[in-house]
Every structure is written in structure tokens, then in C-alpha cells.
Amino acid sequence: LIMVNVVLIGFETDYVANHGHSNAGFAVMQLILNIWFCLELLMRCCALGIYTIFIKGEDRIWNMFDFILVVVSVFDTILSSMRASTFVAFRVIRVLRLFRVIKLVKFANYVQEVRN
């Protein structure tokens, strides 16, 4: 799902560069991904508890990272729906969404541990 989000951001960026505006389809797909990421975070909080997720847990740094990315993505979606995405500061927020790729490092480490 992370790679789908990265590819979507890439296609959207290319589309905006070529057409000067975004397409509603990109907004819908991004909204669906944001809902999915929010639900994933909410399910983790319900299953493990907020204290374990953000303070005590072994993966607390990754969980905080996920939380920040979800908040940035939701904020970007809200601003995009308000047509505020032309400001440079909001473009920077879009770039921050690409940091989800860093989560793949965690997944790669997990796969390597399972293989050993």
C-alpha cells in the first residue's frame, strides 16, 4: 500500500506539471489511502493501547513516525480540497508524504528477521 501511495504521488506530480492542475481522481484515491492509513493507526491503538504504541513499545519511534505522516497526509488532503495547494508551503507538505517509503525499511528488516 505504501508503494501504491508513492506511485500515486508520482503520477499526480507529473500530471500537475503537465496540466497545471490536479485531477479529481487523484484526490479520491488519496482520500481512500488516507482513510486506510488512519484506520490502520486506529486499529493499532485499539489493539495495543496508546501508551504501548507511543511511549513504551519497542516500535514507538516508527509509530510516532506513522502518526506524523498520517497527520501530514490528512492535513494535505484538507488543504487540497480547499484549493490551497498552490502555495509553496503546501507543496512541501506533499513531499513529506513521500517519507512513507522509509517505512519500507522497517518491512525489509522484518522480512530479513523472518528469513533468519
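Which residue just after helix 1 takes a positive phi? Gly 20 does, at about 80 degrees.

## Basis of the model

This is a predicted model, in which local features need pLDDT of at least 70 and side-chain atom pairs count only at pLDDT 80 or more, while totals for chains, interfaces and linings use all residues. Residues are numbered from 1 along each chain as its sequence is written, and side-chain values use heavy atoms, with hydrogens and water left out.

## Helix 1

Helices here are DSSP runs of H or I with at least four residues, numbered from the N terminus.

## Salt bridges around Arg 44

Two salt bridges are found in the whole structure, each defined as a side-chain nitrogen of Lys or Arg within 4 Å of a carboxyl oxygen of Asp or Glu. Arg 44 meets Glu 40 at 3.9 Å, N to O, and both lie in helix 2 (residues 24–48), four residues apart, about one turn of the helix.

Arg 44 also forms a salt bridge with Asp 66 at 2.9 Å, N to O. This pair links distant parts of the chain, with Arg 44 in helix 2 and Asp 66 in helix 4 (residues 60–81), 22 residues apart. Both Arg 44 and Asp 66 are buried, whereas Glu 40, at 27% relative accessibility, counts as partly exposed.

Technical notes:
Helices (H or I, at least four residues) and strands (E, at least two) are DSSP runs, numbered from the N terminus. Buried means under 20% relative accessible area, exposed over 50%, partly exposed in between (1.4 Å probe, protein chains only).
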